[in-house]
Each structure stands twice: as structure tokens, then as C-alpha cells.
Amino acid sequence: MIVYQGRVLGEGYHKEYGFSHAEVNAIRSVKKKDMAFLRHATLYVNLEPCSHFGKTPPCADLILKTGIKYVVIGTVDPNPLVQGRGLQKLVSAGCDVKVGVLEKDCRELNKRFFTFYEKQRPYIILKWAETADQYIGMADVRGQKADGKSKIQITGKDSNILVHRWRAEEQGIMVGTNTALCDNPKLTVRKTKGKNPVRILIDKQLKVPTSFHLLDGSVPTIVFTVKKKALKKNLEYITIDFDKDVLKQIMNELHARNVQSLIVEGGSALLNSFIQKNLWDEARVFTSSKTLAQITGRKLNGVEAPKIDHKIVLKKKSGADLLLMLDNIS
């Protein structure tokens, strides 16, 4: 945001990766009649202006070119290509720069970005839905022949729409073999507008049939396995060592591919593996008002939902369901 004597001259945000940064969009939004005020205006930005040529030219250079002399920065950029260089460029050119204003809020706004660079992995969101009696699915179908028709709908319409909105906000989405076999999920954005995340499947022995949605080639998909298989359209098989730390290998691979955020949608075993390793940043848990028997109309053995004990940052109704959101702040 660019402000002169209490009046906003321009504002902007980084709309999409590879396109103009917030500073550029803010400067472009300034009306021609207000351009003369820029030399006396203050630029407020939540993240340090970049100083290198990447997908776009350096924002620090544009700031200097416009003549803006006062810059307030919320946080220093953790990207090694920037990390203080943009700040130094502005100071060296004579700008009056203040850093660390509302830093906590700015880090929250860019938490995926900071996690990616500081922890060398995507920002991880665990998501699941459980019945009123704390089951995540039906145990009776586990191990049976895969038909992709064993899914039960635990949550209602409002929660389902919200989940699709969440998918559109993140770069990757992951499930394990059992969930893929039981539910035959698409893991795409359908109930709202938005870009599909990269689908990620952990399937050690390639048990998921090629006829299933996850392997249909409609959306970029990565399968982590022990078996070598040729690349197909939108479908890549990556071999890893399942005798070693599987999640660490996968996180390293996703980091190398610049996947900065990930939703883990299940199943129970996969979610628990993240929880046991304390490898998560947020958990989003829906609880239905109905028991497993009420949902299925049958008495079945259930798969117990994961257990997680952290600070609840949000608790609200989502239609007939209850939504809890938890933070894992280290």
C-alpha cells in the first residue's frame, strides 16, 4: 500500500506465482495525477521487496525508480536469493526503511512461504472428517478387493464445499493406498472455482488400479512407489526407499519441485504417520453430528480417527458439522 498524508495512492497484492509482485501492482495502480506525490509517500509492504531477477524483475529497483523514499517492511524475506539484499539496496540508495512492523501478522499472512524456506518442506495441513463416535471410515472393507465404492459421506454439503475451496488454495493434495482403494477419490476442485492441486499418492506396491480417478491423467499426479514405471501424461512415478524415512523423502522431493503447501486428506494410517513425526502445521477436523451406524445404516467396525492434542484456534459450525482448526506452533 502506498500512502501520502493519510491518503491511499495505490495498493496491490501478488495475485499469482510468476506474475507481478505486490509492490509492482501497487505502483501501477497509482493514478497519473498522483504520481508526483510518490517521492513523499510511504510504501507499506508485508515482505521485503525482492532484489533479484526471477520470474519478474527486482521490486527494489522499481521502488527506487519511482522515487519512493519511505518504506515500511513487515518481515525480511527468508528466500536466500533475497534475505536482506532488497532491504540493503533500498538503504544504500538513501531510502528511509523501517523493518519488523506487525511482523507476527506478516508471518501469518505468508506462513506457507516462510515454512517452505525455513523448514525446507511444504506447509502441511492435515484434514479429516470423523463421525460423532470418532470413526474416520469403515474397518470391514479394508483388505477387500478394490472397487472404489467403499466411501462413506461423513460430512454435509457445506463442509464438502469448504473442502473444495481449501483444495483450490493449496499446491498439493495427498492420500495413501487404502484411501485411494476404498474411496476412488478425484482430489480435484469441483464445487468451487479454482486451480487443481497436484495430486500425490503413496502407493508402495502400485495396488491402485489404473482405471481409478487418481491415475486418469486429467490432473498432474505424482505416485511414490518402490516399482519403476514409465512416465505418462500428467502421471509421474517416483521410486523411494520405503525402508527409510518415507515422509522425509517425499517432503524433500516436493520441496525440490517448489510445492509450498500440502493438504493430507487421509487415510488414518497416513495422517497418524504425520502426527507421530510431528510433521504438520495445521489440522482441520470435521465432526459429524451422526454416528457411523447412523450414517451407514449398519453396525460396522470403524477405523478410529486420528487423535491430536494441540491448541484449537477456531471452532465453528459448518452446516450440521463441527469444524475444529488446530495450529502446531513450534
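Predicted model: local features only at pLDDT ≥ 70, side-chain atom pairs only at ≥ 80, totals over all residues.
Just after helix H5, Gln120 takes a positive phi of about 55°. Residues are numbered from 1 along each chain as its sequence is written, and side-chain values use heavy atoms, with hydrogens and water left out.

H5 itself spans residues 111-118, and its buried residues are Lys111, Phe113, Phe114, Thr115 and Phe116. Buried here stands for under 20% relative accessible area, exposed for over 50%, and partly exposed for what falls in between, using a 1.4 Å probe and protein chains only. What covers those H5 residues? The cover includes strands S3, S4 (70-75), S6 and S13, along with helices H4 (103-109) and H8 (246-256). Contact, in this text, is heavy atoms within 4.5 Å.

Stepping back to the whole chain, there are 10 helices and 16 strands. The C-alpha atoms fill a box of roughly 75 × 45 × 35 Å, taken along the principal axes. Of the 330 residues, 48% count as buried. Among contacts with a separation of 6 or more, 69% come from residues 24 or more positions apart. The accessible surface comes to about 17,600 Å², and carbon and sulfur atoms hold 50% of that; these areas come from the Shrake-Rupley method with a 1.4 Å probe, and for residues only the protein chains shown count as cover. As for charge, the chain carries 53 positive and 34 negative side chains, with the centres of the two sets 5 Å apart. Lys and Arg count as positive and Asp and Glu as negative, leaving out His and the chain ends, and each charge is placed at NZ of Lys, CZ of Arg, CG of Asp or CD of Glu.

Two strands count as paired if DSSP finds at least two bridges between them; axes are lines fitted to C-alpha atoms, for helices over the stretch in contact, and angles run from 0 to 180 degrees between N-to-C directions. Strand S1 (residues 2-4) pairs with S2 in the antiparallel sense over three bridges, and Val3 stands opposite Val8 in S2.

The loop that runs between strand S3 (42-47) and helix H2 (59-66) holds His52, and Ser51 lies in the loop between S3 and H2 as well. Is Ser51 buried or exposed? Ser51 has a relative accessible area of 15%, so it counts as buried. His52, at 22% relative accessibility, counts as partly exposed. Leaving aside residues up to four places away in sequence, Ser51 touches Pro58, Leu81, Val82, Arg85, Gly86 and Lys89. With that same exclusion, His52 touches Pro57, Pro58, Leu81 and Val82. Arg28 is 24 residues from His52 in sequence, and their C-alpha atoms are 20 Å apart in space.

A second open sheet has nine strands in the order S11-S10-S9-S8-S12-S6-S13-S16-S15, again with mixed pairing. S11 (235-239) and S15 (312-318) are its edge strands, each pairing on one side only. Neighbouring strands here are turned by 20° against each other on average, direction ignored. Helix H9 (residues 268-276) packs on this sheet and touches S6, S8 (172-176), S9 (198-202) and S12, its direction making about 135° with that of S6.

Strand S6 (residues 123-130) runs parallel to strand S12 (residues 261-264), joined by four bridges. Across that pairing, Tyr123 stands opposite Ser261 and Leu126 stands opposite Val264. S6 also runs parallel to strand S13 (residues 282-287), with six bridges, and Lys127 stands opposite Arg284 there. How many residues of S6 are buried? Eight of its eight are, leaving S6 mostly covered. Tyr123, Ile125, Lys127 and Ala129 point one way from the strand, while Ile124, Leu126, Trp128 and Glu130 point the other way.

Conventions. Helix = DSSP H or I, 4+ residues; strand = E, 2+ residues; numbered from the N terminus.
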